Amino acid sequence: MKAVVFHGVGDIRLDEVPAPKIQEPTDAIVRITASAICGTDLHMMRGTMAGMEPGTIMGHEGVGIVEEVGANVRNIKPGDRVVIPSTIACGHCVYCRAGYYAQCDNANPNGKRAGTAFFGGPKSSGPFHGLQAEKARIPFANVGPVKLPKSVSDDQAILISDIFPTGYFGADMAEITPGDTVAVFGCGPVGLFAIASAKMFDAGRILAVDQHPTRLDAARELGAETINFNKEDPVEIILQLTGGIGVDRVIDAVGIEAERPRKGPAAKKAEQQAGMYRQEMKEVAPETHAEGDLWKPGDAPTQALAWEIDAVAKAGTLSIIGVYPPTLKHFPIGQAMMKNLTINMGNCNHRKYIPNLIEMVQGGTINPAYFLTQVEPLASVIEAYESFDQREPNWIKVEIVPGL
Ligand SMILES: NC(=O)c1ccc[n+]([C@@H]2O[C@H](COP(=O)([O-])OP(=O)(O)OC[C@H]3O[C@@H](n4cnc5c(N)ncnc54)[C@H](O)[C@@H]3O)[C@@H](O)[C@H]2O)c1
Ligand SMILES: [Zn+2]
Ligand SMILES: [Zn+2]
């Protein structure tokens, strides 16, 4: 079968690989009908999420048809159409039972303290072959995959695999109470879903920060008040727009590939921090492989975090869903402490949210396909990665379809 295979930082290929087989009684084999490229895949390609094993199939977003199930998969059967959560969880440990699927004790073969198990990730996350393939082995299929109703299309369901639950998780962790003012940093797909979700939690106002005009337009379309950090100092504007108070809640949907402003009033201050950011990058991504303009990591790992801590009101909440790898050791803890902030963060507990999100889509509360800007065949996946990496205008979320 065809699959997107990691060969090294900056080097993925569409290879012919052996089809997966059932290995455990709780496995299922799913024929993938839709996958997608995520900002997290870019971290691996750019070297900011290190430790990928060559040969690993990429991708952690998937929808498909169950082809085969192991003896202990009793809830789904061949022929069922399912959405696959990005993170893998056993369903019976104390963490899974409390809804912390991303901290499952049993799914990660590296042990209980090894961290979140997910598809298509580095060695420390399993490794498990990913979902940018014609077929995939789904471990703990008795728990993870959720059956889809006919009325929810693949274009909608693929966004329920990872980024809608993640945006929703971000809004949930932000402790939004009705009327709160919320700032979302990063208007990629995850940030846009965080904006849509903050509305579901009855945020009074939402401010959105990014640098790409088409992404800011998408945020404005959702009703957010937009701020381009290459034109304005985001902290100054947020304070100005909130009567000097700052925002009640802030959501980080940026992560380790944060960039610093190149133009505008915030650029000078960021330039003074350039040395510090370079040092952070060296610690985080010892190996990079930028090729021309492609696969260049961000240049200011803690820039968004610094703005967020500055822009949030005293006693406010910071919710971090942007991914920061364990190699990042810098954080403005002092300022956060002095402001009595609450900080919640982590990898999404996808399986906790997915059933409810499917119902929301079915009921017409939200149409996640609205956020999809490209549908590409698996045959063009490498070009699609490049366009997504380059943040070409209007490339916000890319679905990959093996059968197209
Ligand atoms: N916690 C989880 O479980 C989980 C799940 C999925 C994705 N993620 C992470 O969420 C993050 C966003 O994912 P995505 O797919 O939307 O990625 P993306 O790379 O498409 O979007 C990131 C956006 O942040 C913007 N940005 C860069 N520097 C900034 C700054 N200083 N201030 C404000 N915005 C800035 C970029 O311009 C870009 O539009 C990534 O780090 C991804 O790994 C986390
Ligand atoms: Zn993802
Ligand atoms: Zn578990």
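1. Let's start in the sheet: the bridge partner of G64 in β5 is V82. Strand β4 (residues 62-69) and β5 run antiparallel to each other over four bridges. Two strands count as paired if DSSP finds at least two bridges between them. Strands (E, at least two residues) and helices (H or I, at least four) are DSSP runs, numbered from the N terminus.

2. A word on the basis of this note. This is a predicted model, in which local features need pLDDT of at least 70 and side-chain atom pairs count only at pLDDT 80 or more, while totals for chains, interfaces and linings use all residues. Residues are numbered from 1 along each chain as its sequence is written, chains are lettered from A and ligands numbered from 1 in the order in which they are written, and side-chain values use heavy atoms, with hydrogens and water left out.

3. Back to β5 (residues 81-84). R81 and V83 point one way from this strand, V82 and I84 point the other way, and all are buried (under 20% relative accessible area; exposed is over 50% and partly exposed in between, with a 1.4 Å probe and protein chains only). β5 also pairs with strand β7 (residues 146-147), in the antiparallel sense over two bridges. There, V83 stands opposite V146 in β7.

4. Next, the metal. The zinc ion (ligand 2) is coordinated by C38 (SG), H60 (NE2) and D162 (OD), at 1.8 to 2.2 Å. Donors are N, O and S atoms within 2.8 Å of the metal (3.2 Å for Na, K and Ca); water is not among the atoms, so sites may look incomplete. Along the chain, the donors of this zinc ion follow the spacing C-x21-H-x101-D. C38, in the loop between β3 (28-37) and α1 (39-46), and D162, in the loop between α3 (154-157) and α4 (163-173), are 124 residues apart, and the pair links distant parts of the chain. Both C38 and D162 are buried.

5. Finally, which residues come nearest to ligand 1? Of the 32 residues around this ligand, they are T40, H43, D210, C348 and R391; a residue is near if one of its heavy atoms lies within 4 Å. An N or O atom in the side chain of H43 is 2.9 Å from an oxygen atom of ligand 1. A backbone N or O atom of C348 lies 2.8 Å from an oxygen atom of the ligand. The protein covers 97% of the 870 Å² of accessible area that ligand 1 has on its own (Shrake-Rupley method, 1.4 Å probe).

Notes: Polar contact = N/O pair within 3.5 Å; in protein donor to acceptor, adjacent residues only side chain to side chain.
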